[in-house]
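Open the model in your viewer and keep the selection panel at hand.

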Amino acid sequence: MSPVPPPVRRRILLRSLSIALAATPFGLTFGAIGRASGLSLFETIAFSAFVFTGSAQFAAVAILGTGGAIAAAVSAGLLLNLRSLAFGILLAPDLRGPLWWRALVSQLVIDESTAVATTEAESAARRWGFLAAGLAVFALWNGSTILGAVLFSTGGDVILRWGLDATIPAAFLGLLWPRMSEPSHRRVALTGAVIAFALTPFTPPGVNVVAAIGAVLLGARR
Amino acid sequence: MTDATVVLVLLGLGTYALKAAGPVLIGGRALPVWISRLADLAPAALLAALIVSSTAVTNAELTFDARIVGLIAAGVALRLKAPFVVVIVIAAAATALTRSLR
């Protein structure tokens, strides 16, 4: 494998660091929301280390916090993480190495590491970008979760006063936004929102979110 | 074990399986087209549904409060191409401001 030139490394490191910093308020919020949703300090911190996918963590904790069922929280999180499967397959050709190494770095398959890796042309640089972004986000995500969980453990009052509960829908909107320029994604998103909205009064918390996946069939049919 | 611990373990294992399937098992081969198409579209539907449930649902009921102002402010910020972090801060600030006015 050819070595990665220093300028490329610098570019990758800068990108990785800024993308990891962007995740930090999220991590702080997750720590706070985790505690506010009734999770213990250990559970909140373990979620970030063990699940390590922002949107699925928020989804699961949001469903738990509104009194939702275990099955609803797990399936909503897993459906949201179906993209991890696609990311892993996308990254697989560049992740050569012994089985134990591939198994270990698989935990770093996230939006950010996939984004940084796939913007590089050379396989060695892609691998480097995957590891740099994955490790940077892992460190800052978990660090900020711990900080958020400890600092905001006083709970709901601080979250309401600072408007922290609005950061979750805003973050989801921020993740959704780039997809909205594509008509098939836009159609699926709008249908998903309508399904979720319409089912809320009639289904247990979280089930509406899982049911919204049905909107995908609309976009795939064409 | 609490519900949260059960969710943590199941979601953690399931997510890891999804992440690791490609690197560990498949190597260089690509997904069948129809599966990758569904997996590609799924986040759009789910993120939209999550926006609804994290904005307008409290204790399994539809509620409309200051979070909506925050979400609208976030949409405006995104429209103006604000960075992700700024969008989140603006949403929190708009929501906090709306609550302080009441």
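Start in the loop between α3 and α4 of chain B and select B:K81, which sits there. This is a predicted model. Display the backbone torsions: phi of B:K81 is near 60°, a positive value in a residue other than glycine. Is B:K81 buried or exposed? B:K81 has 9 other C-beta atoms within 10 Å, so it counts as exposed, the cut-off for that class being 12 or fewer.

Next, select the side of chain B that touches chain A. The contact takes 66 residues from chain B and 84 residues from chain A. On the chain B side, the elements that give two or more residues are α1 (3–26), α2 (33–56), β1 (57–58), α3 (67–79) and α4 (84–101). Colour that side by class: 44 residues are nonpolar, 16 polar and 6 charged.

Chain A has 13 helices and 0 strands. Of its 222 residues, 57% are buried.

Last, go to the loop between α2 (41–50) and α3 (54–65) of chain A, and select A:F52. A:F52 is not a glycine, yet its phi is positive, at about 50°. How many C-beta neighbours does A:F52 have inside 10 Å? There are 23, so A:F52 counts as buried, the cut-off being 20 or more.

Note on methods: Residues are numbered from 1 along each chain as its sequence is written. Chains are lettered from A and ligands numbered from 1 in the order in which they are written. This is a predicted model: local features need pLDDT of at least 70, side-chain atom pairs count only at pLDDT 80 or more; totals for chains, interfaces and linings use all residues. Helices (H or I, at least four residues) and strands (E, at least two) are DSSP runs, numbered from the N terminus. Two residues are in contact if their C-beta atoms, placed from the backbone, lie within 7 Å. Ala, Val, Leu, Ile, Met, Phe, Trp, Tyr, Cys and Pro count as nonpolar, Asp, Glu, Lys and Arg as charged, and the others, Gly among them, as polar.
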